[in-house]
Amino acid sequence: MSSIEDILAQMLRNPQDVRFSDLSKVCDHYFGPPRQGGTSHRVYRTPWPGDPRVNIQNKKGKARAYQVRQVLKAIARLELENGTER
């Protein structure tokens with residue numbers, strides 16, 4: 001089992017090669033449980049107004065690269081707003 005930090009490092013290196021289960025683990029850690037799950041999609045709530053969600057999709061066990069980049073962007077914003085920037 002990979003740690004959140006290991007998964008994040010892999011997401012940054014190669015967003016095209018991220019397992020859906022690993023992306024789900026990262027989203028669970030940063031955004032809490034999904035408000036929708038059980039299908040091929042998982043939808044997570046984010047704490048800011050506007051479009052307050054992160055949507056990820058399982059494509060044959062892999063995460064979609066554009067969704068990995070969206071998650072990374074949301075995590076960066078979350079850390080910036082919380083003052084816990086890397």
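Author: In helix 1, L8, M11 and L12 meet V68, V71, L72 and I75 of helix 3. Contact here means heavy atoms within 4.5 Å. Helices (H or I, at least four residues) are DSSP runs, numbered from the N terminus, as are strands (E, at least two).

Reader: How many nonpolar, polar and charged residues has the contact of helix 1 with helix 3?

Author: That contact has seven nonpolar, no polar and no charged residues. Ala, Val, Leu, Ile, Met, Phe, Trp, Tyr, Cys and Pro count as nonpolar, Asp, Glu, Lys and Arg as charged, and the others, Gly among them, as polar.

Reader: Before going on, what kind of model is this, and what pLDDT do local features need?

Author: This is a predicted model, in which local features need pLDDT of at least 70 and side-chain atom pairs count only at pLDDT 80 or more, while totals for chains, interfaces and linings use all residues. Residues are numbered from 1 along each chain as its sequence is written, and side-chain values use heavy atoms, with hydrogens and water left out.

Reader: At what angle do helix 1 and helix 3 pack?

Author: Helix 1 (residues 4-13) and helix 3 pack at about 120°, and their axes are 10 Å apart. Helix 1 is therefore oblique to helix 3. Axes are lines fitted to C-alpha atoms, for helices over the stretch in contact, and angles run from 0 to 180 degrees between N-to-C directions. Angles under 35 degrees count as roughly parallel, over 145 as roughly antiparallel, 65 to 115 as roughly perpendicular and the rest as oblique.

Reader: And how does helix 2 pack with helix 3?

Author: Helix 2 (residues 20-31) and helix 3 have their axes 11 Å apart, at an angle of about 20°, which means that helix 2 is roughly parallel to helix 3. From helix 2, L23, V26, C27, Y30 and F31 meet V68, V71, A74, I75, L78 and E79 in helix 3. By class, this contact has ten nonpolar, no polar and one charged residues.

Reader: That leaves helix 1 and helix 2. What is their angle?

Author: The angle is about 120°, with the axes of helix 1 and helix 2 10 Å apart, so these two helices are oblique to each other. I4, E5, I7, L8 and M11 of helix 1 make the contact with D22, L23, K25, V26, H29 and Y30 of helix 2. It has seven nonpolar, one polar and three charged residues.

Reader: Turning to the pockets, which residues line the largest pocket?

Author: The lining consists of T46, W48, D51, R53, V54, N55, Y66, Q67, Q70, K73, A74 and R77. Strand 2 (53-59) and helix 3 (65-82) are the elements that give two or more residues to this lining. The largest share, six residues, comes from helix 3. By class, the lining has four nonpolar, four polar and four charged residues.

Key. On a 1 Å grid over the protein atoms alone, a cavity is a set of points where a 1.4 Å probe fits but cannot get out, and a pocket is an open set with protein on both sides within 12 Å along at least five of seven lines; lining residues have an atom within 4 Å of a point.
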